[in-house]
Amino acid sequence: MTTAQQNIRPLEDGIERDLAGLNYGSYLHLDELLHAQQPVSDHHDEMLFIVVHHVTELWIKLVIHEIRSAIVLLRQDELGPALKRLARVKHVQRQMIEQWAVLATLTPSEYAQFRGVLGKSSGFQSAQYRTLEFLLGNKNPAMVAVFRHDPETAAQLDRDLHAPSLYDEFLAYLARRGYPIPARLLERDVTAPHTRDDELVRIFTAVYADPEPQWDVYETCEELVDIEDTFQTWRFRHLKTVERIIGYKRGTGGSSGVAFLNRALSLTFFPELFAVRTEIGTDDVKDLP
């Protein structure tokens, strides 16, 4: 046997060789997926730019899928399966964070050679990203109008705007469990972002002070903290990647660029769960009624 023959892995007898009908490529619609990367310029690095954004949109699609399911499960008092969905979201988010390192291999001089062909295209215009923010509770009615050019997308965003967020559903679940969630939080206008409520801080502080008898609620709180922490890390890496590639230029979509992204770091989804960190261990922690 020659060296070349030794380096060949023979096909096993049971391996399918007739790929007519449903196969790997047709199941995944690879013809469509792999032909979606259509550079507008002839610059080598535009392919990198497109692929990173396509992959990000695919990951966001999965995160949306998981969070929508978690919301339904919470509504049905199925906390265990909802936690499984949220755990998966964290792992997807970590993949999204690492993608910034790939895009950061694009140097300012390389990006400058094809940035002009992008027109007014901007990540700000990602409908999926806006959907994700709405599901997590960062509601902004003004964002719906941005997508008026696409009535179907605008209609879906409007439905998500008027629907309870993941946090809203968690608070409703806790109320059904007997936790004294204030009525003002259960009956609030869900088209507005949630803001910190000191009474809710005290409720969660009591959970953290005595987690053993309510471990599933305690674990859910930590899952939500993980999701927000990871989301904020993704936002920060986005900001630093933009700063590294274009500095303080205006964004292609007309935003102020780095300054605009920096303001997003002050937005929070679950403020009470972070406020607990300050309160826990103080003398005024009370047991739940």
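**Note on the predicted model**

1. Tyr27 is exposed, with a relative accessible area of 59%, and the model in which this value was computed is a predicted one. This tyrosine sits in helix α2, which covers residues 24–27. Together with Leu22, Tyr24 and Leu28, Tyr27 makes a nonpolar surface patch of about 530 Å².

2. Tyr167 deserves a separate look. When its neighbours within four places in sequence are left aside, Tyr167 is in contact with His194, Leu200, Phe204, Leu224, Phe269, Phe270, Glu272 and Leu273. Tyr167 also belongs to one aromatic cluster, which it forms with Trp100, Tyr129, Phe231, Trp234, Phe269 and Phe270.

3. The structure holds 14 aromatic pairs. Phe231 lies in helix α13 (residues 215–246), whereas Phe269 lies in the loop between α14 (258–264) and α15 (271–279), so the pair ties together parts that are 38 residues apart in sequence. Both Phe231 and Phe269 are buried.

4. What does helix α15 pack against? Its buried residues are Pro271, Glu272, Leu273, Ala275 and Val276, and these pack against α10 (166–176), α12 (198–209) and α13. The helix is followed by Gly281, whose phi is positive, near 95°.

5. Charged side chains form 15 salt bridges by the rule used here. In one of these, Asp160 is paired with Arg68, and the closest N and O atoms are 2.9 Å apart. This pair links distant parts of the chain, since Asp160 is in helix α9 (residues 151–161) and Arg68 is in helix α4, 92 residues apart. Asp160 counts as buried at 6% relative accessibility, while Arg68 is partly exposed, with a relative accessible area of 30%.

6. A second salt bridge joins Arg130 to Glu133, with the closest N and O atoms 3.0 Å apart. Because Arg130 and Glu133 are three residues apart in helix α7, about one helical turn separates them. Are the two partners buried or exposed? Arg130 is buried, with a relative accessible area of 9%, and Glu133 is buried as well, with a value of 5%.

7. A further salt bridge is formed by the side chains of Arg188 and Asp168 (3.0 Å, N to O). Here too the pair links distant parts of the chain, with Arg188 in the loop between α11 (183–186) and α12, and Asp168 in helix α10, 20 residues apart. Arg188 counts as buried at 18% relative accessibility, the cut-off for buried being under 20%, and Asp168 is buried with a relative accessible area of 9%. Elsewhere, Lys90, Glu223 and Asp226 are linked in a network of salt bridges.

Terms used:
Residues numbered from 1 in each chain as written. Predicted model: local features only at pLDDT ≥ 70, side-chain atom pairs only at ≥ 80, totals over all residues. Heavy atoms only, no water. Phe/Tyr/Trp six-rings, centres within 6.5 Å; stacked < 30°, edge-to-face > 60°. Helix = DSSP H or I, 4+ residues; strand = E, 2+ residues; numbered from the N terminus. Buried < 20%, exposed > 50% of the residue type's maximum accessible area, 1.4 Å probe, protein only. Patch = residues over 30% accessible without salt bridge, like charges linked within 9 Å, V, L, I, M, F, W, Y side chains within 5 Å. Areas by Shrake-Rupley, 256 points an atom, 1.4 Å probe, with all protein chains shown as cover. Salt bridge = Lys/Arg side-chain N within 4 Å of Asp/Glu carboxyl O. Contact = heavy atoms within 4.5 Å.
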